[in-house]
Every structure is written in C-alpha cells, then in structure tokens.
Amino acid sequence: DNKFDVGRLELGLFGKEAPLCTERFKSLCDASAPVSYKGNNFHRCIRGFIIQAGKLEAPPPPFAEKNDLVHVEGALCMSNDGGESTSEFFVALRRADELDGVYTVFGQVLSGMKEVALDMDRRAGNADGEPWCTYVITSCGVLPDEPEGEQ
C-alpha cells in the first residue's frame, strides 16, 4: 500500500457565513467523539480540481445550507448529495466558478496548501478521482479561536 505523510492542513472556518457546515465540521474534527474524521481517508483526488474526504460509514443526519461565497483556490467546501450535506468535504485546488451556488464554502486553507493539498494533487488518481495511494487523516482537532485583531 502506498502511504505518504504529506503534513498538516490547517483550516479557517467561516462560522458566520456557514454556521451549520462549520458546526458539523468542528464536531467531526473532535477526535475523541464516537464519529470523527480521525482515521478517515481522502477518497477522491481529481487533478487540478479537488481533494475530498469525510466519507464515513455512519454519517450524521443530512442538512441543507447554501451561501454565495466563491470557490477560490484553497476553499473548504461541504459536499452534498441532492442539496443535502452530511460529512463529506473538499478543498478546491483552483478557482472553480462552476461550483458556486452548488456547494457551500465554509472555510479556507490557512496553511499546508502547497505542502499537503498540492502534493496530493501531484499524486492524483484515475479519471474517477480514486487516489492511487492512501491519504489518511491521522489526527484532527479544533484550535482555540484567536482574539479579535490577532488573526
């Protein structure tokens, strides 16, 4: 099995613009919770487009949330199936206007875009997005909020 330690991806969340997605994501980042992203794989890597993870065996109940934020490079987005989201998320690897209004942007990569996301992109999988190697979320959590003015 091809495994690569590509580093740490640090994400900022847009709680005001996407409160439901943000809260769902934060709850699944709690590695001590019964259901979390810890141990989950990035199961979809489409070259020059997205990297996707969060496919859980027992996903939480679906919910619907939309916003008008644009899909810029490094945007953190909630995937959806028929307009409802559960746990799957993706990071946009480029500006993706075709996704605007379809998927909810709820954050942005703060650090690790080059080291992690673009490294995964270089090793992207087949045309269906199935990666040829395993990218596992080995650790996850929520960092404390920074006081106003220190961000």
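**An open antiparallel sheet and its helix**

In the predicted model, six strands build an open sheet. Their order is E1-E6-E4-E5-E3-E2, and the pairing is antiparallel. Strand E1 (10-13) and strand E2 (42-46) lie at the edges. Each of these two strands pairs on one side only. Neighbouring strands of the sheet are turned against each other by 25° on average, direction ignored. Strands of a sheet pair through backbone hydrogen bonds, and this pairing can be parallel or antiparallel.

Strand E3 covers residues 50-53, and strand E5 covers residues 89-92. The two run antiparallel and are joined by four bridges. Within this pair, Gln52 stands opposite Phe90 in E5. Helix H2 (residues 113-122) packs on the sheet. The helix touches E2, E3, E5 and strand E6 (104-111). The direction of H2 makes about 80° with that of E2.

Is Ile50 buried or exposed? Its relative accessible area is 3%. Buried means under 20%, so Ile50 counts as buried. With residues up to four places away in sequence not counted, Ile50 touches Arg44, Cys45, Phe90, Val91, Ala92 and Leu93.

Key
Residues numbered from 1 in each chain as written. Predicted model: local features only at pLDDT ≥ 70, side-chain atom pairs only at ≥ 80, totals over all residues. Heavy atoms only, no water. Pairing = 2+ DSSP bridges. Axes fitted to C-alpha atoms, helices over the stretch in contact; angles between N-to-C directions. Contact = heavy atoms within 4.5 Å. Buried < 20%, exposed > 50% of the residue type's maximum accessible area, 1.4 Å probe, protein only.
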